[in-house]
Amino acid sequence: MHRHDPHLQADERTSLNEFLDYHRATFLSRIEGLDHEQLNRRLPPSDLTLASLAKHLAFVEDHWFQSDFMGAPMPAPWTDAPFDDDRDWELHSAIDDDPADLIAWYTAACERSRVVAAAAGSLDSLSHRINDREGMAFSLRWIMLHMIEETARHNGHADFIRESIDGLVGE
């Protein structure tokens, strides 16, 4: 995935798509070229690793777009994951995953999310899932903004971790 700056005068939907793809590509640039050991290196005192962030971001893409918005079953590898035993399973289990699998899961989840967003009639389209606290559905706009925020926040974590591994710094 190549990183492109979002257009300065795009309409709202294009802007949301471009900003989300920008942050997705930024994350991929933080993990590319690293081996299993490097992807699982911690920056104490945090337990976060680039591997755990990659798996988490793949999970939240599928969770928000597939499960919450569409009401569809979660795809593999989430279908058999023991979330009842460990609600942060994707973070804790990433140490056992091959780097190529982590990247493939994330890129596939992002592509599935793009398909869902493109197929939705409007940014005002509502999710299948109802928010427990508010008793309301999520708009596609809200989900996209949330995913921009979540991916950007984790890019900050990824910047620090990657710099501690090999000195590579973001913009």
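T49 counts as buried because its relative accessibility is 7%, where buried means under 20% relative accessible area, exposed over 50% and partly exposed in between, with a 1.4 Å probe and protein chains only. The model here is a predicted one, so local features need pLDDT of at least 70 and side-chain atom pairs count only at pLDDT 80 or more, while totals for chains, interfaces and linings use all residues. Residues are numbered from 1 along each chain as its sequence is written, and side-chain values use heavy atoms, with hydrogens and water left out.

T49 sits in the loop between helix 2 and helix 3; helices are DSSP runs of H or I with at least four residues, numbered from the N terminus. Setting aside neighbours within four places in sequence, T49 is in contact (heavy atoms within 4.5 Å) with L39, N40, R41, R42 and I161. From T49 to L20 it is 29 residues in sequence and 22 Å in space, C-alpha to C-alpha. The loop between helix 2 (36-39) and helix 3 also holds P45, and P45 is joined to P44 by a cis peptide bond with omega about 15°. Another cis peptide bond links A76 and P77, with omega about 10°; P77 lies in the loop between helix 3 and helix 4 (89-93).

Now for the core. The largest nonpolar core has 40 residues, and F27, L50 and F65 touch the most other members. Such a core is a set of buried Ala, Val, Leu, Ile, Met, Phe, Trp, Tyr and Cys residues joined through side-chain atoms within 4.5 Å. Helix 1 (12-31), helix 3, helix 5 (99-119) and helix 6 each give two or more residues to this core, and helix 3 gives the most, with 11. As for F65, its contacts beyond four places in sequence include L20, R24, V116, L140, I143 and M147.

Helix 3 (residues 50-70) packs against helix 6 (residues 140-166) at an angle of about 175°, the axes being 10 Å apart. The two helices are therefore roughly antiparallel, a label for angles over 145 degrees. Axes are lines fitted to C-alpha atoms over the stretch in contact, and angles run from 0 to 180 degrees between N-to-C directions. Helix 6 has 27 residues and reaches 38 Å from first C-alpha to last, close to the 39 Å expected at 1.5 Å a residue, taken as 1.5 Å times one less than the number of residues. After helix 6 comes G167, with a positive phi near 85°.

Terms used
Angles under 35 degrees count as roughly parallel, over 145 as roughly antiparallel, 65 to 115 as roughly perpendicular and the rest as oblique.
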